[in-house]
Amino acid sequence: MSIDFRYLIPEPIFNELIELSKQGHADDDKIVAGWIYADRKENFGIVKGYEVTKDPAKSHEKPKSWMRMKKRKLYQMRKLKDEDNIDIVWQFHTHPDSKEELHDMDLQILNYLSTGVMIVITPDNVLGWYFDKRETKKPIIDKMVFEIINE
Ligand SMILES: [Zn+2]
């Protein structure tokens, strides 16, 4: 995505996501994961909703099968886009320990997938990491900053 692409998130959704991370922090830093849906406009994406798919758990575990993890992700994303007409689908998980950077396991997963976006939700912030190593030796890793909007 180009540098002038903007990411917008309505305040109520931002607050709900932050709350998920805060609850996790109060509960032994349990992590929650799911999907974030967004509409694509000309030069920005605007978050429309989200879905929690993974119950709170200690996470950043190594996938049991890397190939299955990739297949399942691609299948789910295609299904959401085709059947529910969602423009943009991103995977998210919480970092209740407030760490905005990607965990080593997050990087290993992105590296296996070659490209993708990982949204990280801390008790204070929603941010994303865009990863792409399809055409470069060293992966491109860009931080996605979300602008909170009041609708
Ligand atoms: Zn992580």
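Student: What handedness does the β-α-β unit of strand 4, helix 3 and strand 5 have?

Tutor: Strand 4, helix 3 and strand 5 form a right-handed β-α-β unit. Right-handed means that, with the strands pointing away from the viewer, the path from the first strand over the helix to the second runs clockwise. Helices (H or I, at least four residues) and strands (E, at least two) are DSSP runs, numbered from the N terminus.

Student: And what should I know about the model itself?

Tutor: This is a predicted model: local features need pLDDT of at least 70, side-chain atom pairs count only at pLDDT 80 or more, and totals for chains, interfaces and linings use all residues. Residues are numbered from 1 along each chain as its sequence is written.

Student: How many bridges pair strand 4 with strand 5?

Tutor: Four, in the parallel sense. Two strands pair if DSSP finds at least two bridges between them. Phe92 has Ile119 in strand 5 as its bridge partner.

Student: Which strand pairs with strand 4 over six bridges?

Tutor: Strand 2, in the antiparallel sense. There, Ala38 is bridged to Ile88 of strand 4.

Student: Back to Phe92. What is Phe92 in contact with?

Tutor: Beyond neighbours within four places in sequence, Phe92 contacts Ala33, Gly34, Ile36, Tyr50, Ile119 and Ile121. Contact means C-beta atoms, placed from the backbone, within 7 Å.

Student: Which residues touch the most other members of the largest nonpolar core?

Tutor: Leu17, Ile36, Val47, Phe92, Ile119 and Ile121, out of 21 residues. Elements giving two or more residues to this core include helix 1 (11–26), strand 3 (44–57) and helix 3 (104–113). A nonpolar core is a set of buried Ala, Val, Leu, Ile, Met, Phe, Trp, Tyr and Cys residues joined through C-beta atoms within 7 Å. Buried means 20 or more other C-beta atoms within 10 Å of a residue's own, exposed 12 or fewer, partly exposed in between; C-beta atoms are placed from the backbone.

Student: New topic. How many buried residues are there in helix 2?

Tutor: Zero among its 18 residues. Helix 2 covers residues 66–83 and reaches 26 Å from its first C-alpha to its last. Just after helix 2, Asn85 has a positive phi of about 55 degrees.

Student: And strand 7, how many buried there?

Tutor: Also zero, among 10 residues. Strand 7 runs antiparallel to strand 6, with six bridges. Strand 1 pairs with strand 7 in the parallel sense over four bridges.

Student: Last one. Why does Gly49 count as exposed?

Tutor: Because Gly49 has 12 C-beta neighbours inside 10 Å. Gly49 lies in strand 3.

Methods
Two residues are in contact if their C-beta atoms, placed from the backbone, lie within 7 Å. The expected span of a helix is 1.5 Å times one less than its number of residues.
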